[in-house]
Amino acid sequence: MPPALPIEGGCRCGRVRLRIDAAPMMTMACHCHGCRQMSGSAFSLSVAVPGAALHVTGATVIGGLHGEQVRHHHCDHCKSWLFTRIEPDPGFTNVRVGALDRPEGFAPFIDTCTDEALPWATTPARHRYPGFPPAEAFGSLLAEYAAMQAD
């Protein structure tokens, strides 16, 4: 069952609020070393949403590595990691599931960078990739996730 729209969330201190007004495209857990360091956990859990569907109020700053195509947005005050945008825009933004007001329905659909995963860090993801999925896999992954949400 897809989540009711809009999906809302925000940072820990409440100075930044998020609103998503389109259906999520896919959920994923990234096990790469960088995501583990930024999240302070065994992996980073994200939901991909159409970029134009994410509305942000409040000030964010770029954190993580600077100068790359990947822009990790954090609250300017409490520094909560909220979402990641890629440049040039691939048509989606990755929102941190932990920043959502109701994160319960966003279990990971895919695991990425499992070659860097901690040996005890497992998820219920249906698909696992040692790095990122190959470009040709995204169409079928998105279709499968959408069908799963429609059930």
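E8 is partly exposed, because its relative accessible area is 38%; here buried means under 20%, exposed over 50% and partly exposed in between, with a 1.4 Å probe and protein chains only. This is a predicted model, in which local features need pLDDT of at least 70 and side-chain atom pairs count only at pLDDT 80 or more, while totals for chains, interfaces and linings use all residues. Residues are numbered from 1 along each chain as its sequence is written, and side-chain values use heavy atoms, with hydrogens and water left out.

The side chain of E8 forms a salt bridge with that of R17, at 4.0 Å from N to O. By salt bridge I mean a side-chain nitrogen of Lys or Arg within 4 Å of a carboxyl oxygen of Asp or Glu. R17 is likewise partly exposed, at 31% relative accessible area. Together with D101, E8 and R17 make up a network of salt bridges. How many salt bridges does the structure hold? The count is 7.

Let me turn to two further pairs. R71 and E87 form a salt bridge whose closest N and O atoms are 3.4 Å apart. This pair links distant parts of the chain, since R71 sits in strand 7 and E87 in the loop between strand 8 and strand 9 (92-96), 16 residues apart. Strands are DSSP runs (E, at least two residues), numbered from the N terminus. R71 is partly exposed at 22%, and E87 is partly exposed at 41%.

The other pair is R128 and D111, whose side chains meet in a salt bridge of 3.5 Å, N to O. R128 belongs to strand 11 (residues 127-128) and D111 to strand 10 (residues 110-112), so the pair ties together parts that are 17 residues apart in sequence.

H72 counts as buried because its relative accessible area is 13%. Its side chain makes a polar contact of 2.9 Å with the side chain of T84. A polar contact is a pair of N or O atoms within 3.5 Å; within protein, one must be able to donate a hydrogen and the other to accept it, and residues adjacent in sequence count only if both atoms are side-chain atoms. Beyond four places in sequence, the contacts of H72 (heavy atoms within 4.5 Å) include M38, W81 and F83.

Three strands form an open sheet in the order 1-2-5, with antiparallel pairing; two strands pair if DSSP finds at least two bridges between them. Strand 1 (7-10) and strand 5 (54-57) are the edge strands, each pairing on one side only. Strand 1 is joined to strand 2 (residues 17-20) by 4 bridges, and G9 has L18 as its bridge partner in strand 2.

L18 brings us to the largest nonpolar core, which has 16 residues; L18 and I20 are among those that touch the most other members. Such a core is a set of buried Ala, Val, Leu, Ile, Met, Phe, Trp, Tyr and Cys residues joined through side-chain atoms within 4.5 Å. Strand 2, strand 4 (44-50) and strand 8 (81-86) each give two or more residues to this core. Apart from it lies another core of 9 residues, including A48 and F109.
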